[in-house]
Amino acid sequence: MSVPIELRDVSHFYSPGTAMQVAAIKNISLTIEEGEFVGIIGHTGSGKSTLISHFNGLLKPSKGTVLVDGEDISQSKEVLRAARFKVGLCFQYPEAQLFEETVAKDIAFGPKNMKLPEDEIARRVAEAAKYVGLRPEMLDKSPFDLSGGEKRRAAIAGVMAMEPKVLVLDEPAAGLDPRGKKEIHELIRNYRSRTGSTVVLVSHSMEDIANLADRVIVMNHGEIAMNGTVDEVFSHASDLQTMGLNVPEITRVFTALHDKGFDVPPNIYSVKEGVRILRALLEGGVG
Ligand SMILES: Nc1ncnc2c1ncn2[C@@H]1O[C@H](COP(=O)(O)OP(=O)(O)O)[C@@H](O)[C@H]1O
Ligand SMILES: [Mg+2]
C-alpha cells in the first residue's frame with residue numbers, strides 16, 4: 001500500500017523563541033494511506049488547520065519530518081514543489097481567495113501554475129466545474145456574481161482541477177446553510193467515488209465525519225487523542241465529550257436503545273438511517 005502522506009514526530013511552534021510561543025501541534029506521527037477517506041475532528045484551537053498545513057509544506061515543522069510519497073519534502077525545492085501539486089489544500093473560506101475576472105480563470109489558476117498545456121487546462125476546468133455543479137454559462141461570470149455556495153464550489157473546483165493525489169479540505173461546509181452544506185458533502189462524496197482519490201476532511205461536526213469518512217483522527221490540544229475507524233472512535237462517547245466533542249444525538253439514542261436490550265445496532269450516525277431502522281422495528285411490531 002502506498003503512503004502519500006506521512007508525518008514523523010512533527011511539532012509546530014508559532015512565534016518560536018518569544019514570550020508568545022504557541023505549541024500548536026506536538027509530536028504528531030501519522031500516515032494517510034492511498035485511497036483512504038480520513039476525517040480530522042477536534043475542538044477549536046486543537047491544531048487541525050496547523051496540522052493539515054504541513055501536508056503539502058505550506059507550513060514547515062519546527063521539529064520532525066513530513067514525507068509525501070515517501071520523500072522528505074524539506075530535501076529540495078523540487079520535492080517541495082511536487083508535494084504542493086500532489087496534495088491539494090482547500091482552506092477554510094476558500095472563496096475569499098477568488099480574485100480572477102472570471103470563474104473559469106479562477107478554476108484554472110492551479111493547473112496554470114502546474115504549467116499544463118492550454119487544452120489540458122481547459123479540459124480540467126470544464127470537468128471540475130461540472131462535478132461541483134457549476135453550469136457552463138457560469139464560467140464566464142465574475143466570481144463576485146455567484147452566490148455564497150457557488151463561490152465555495154468554484155474555489156473547491158480550483159483545487160480539484162489540479163487533480164491532486166490527496167485532496168485536503170479544511171471545514172469546507174463552514175458557514176453555509178443546511179442545503180449548501182449538504183451539496184458540499186455530496187460533491188465530496190461523488191469526487192471520492194469517481195476518482196478513488198485520497199481525501200482528508202477537517203470538520204468539527206462529528207455527524208459529517210461519521211457519514212463521510214472511513215477513519216477518524218481526533219485532535220486535542222495539539223496532540224492526537226484518538227485514531228481509528230468511525231465505530232472505534234465513536235464508541236468512546238464520554239472521552240469525546242471531555243474533549244469538547246459530542247457524538248451525534250441520534251447515535252446516543254441508538255446506543256441507549258441497544259443497551260436497554262432493543263434489537264438495534266448501537267452505531268447509527270445519521271437521522272435518516274435511524275428513522276429507517278425505527279420504522280422497520282415499529283412495523284415489525286417489536287417493542
Ligand atoms: N498564525 C498563528 N499565530 C499564532 N498562533 C496561531 C496561529 N494560527 C494558529 N495559532 C494557534 O495555534 C493553535 C492551533 O490553531 P489551529 O491550528 O488554527 O487549530 P484549529 O484549526 O483546530 O482550530 C491555537 O492555539 C491557535 O490560537
Ligand atoms: Mg481551523
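Residues are numbered from 1 along each chain as its sequence is written, while chains are lettered from A and ligands numbered from 1 in the order in which they are written. Because the model is predicted, local features need pLDDT of at least 70 and side-chain atom pairs count only at pLDDT 80 or more, whereas totals for chains, interfaces and linings use all residues.

Let us start with ligand 1. Its surroundings include Tyr14, Val22, Gly45, Lys48 and Thr50 (a residue counts if its C-beta atom, placed from the backbone, lies within 6 Å). Strand 2 (22-32) and helix 1 (48-52) are the elements that give two or more residues to this shell (helices, H or I, of at least four residues and strands, E, of at least two are DSSP runs, numbered from the N terminus). Helix 1 gives the most, with 3 residues.

Next comes Phe37, which sits in strand 3 (residues 37-42). Phe37 is partly exposed because 19 other C-beta atoms lie within 10 Å (20 or more would be buried, 12 or fewer exposed; C-beta atoms are placed from the backbone). The C-alpha atoms of Phe37 and Glu186 are separated by 14 Å, although the two are 149 residues apart along the chain.

| Helix pair | Angle | Axis separation |
|---|---|---|
| Helix 5 (residues 148-160) and helix 6 (residues 178-195) | about 20° | 10 Å |

Axes are lines fitted to C-alpha atoms, for helices over the stretch in contact, and angles run from 0 to 180 degrees between N-to-C directions. Helix 5 and helix 6 are therefore roughly parallel to each other (angles under 35 degrees count as such).

Note on methods: Angles under 35 degrees count as roughly parallel, over 145 as roughly antiparallel, 65 to 115 as roughly perpendicular and the rest as oblique.
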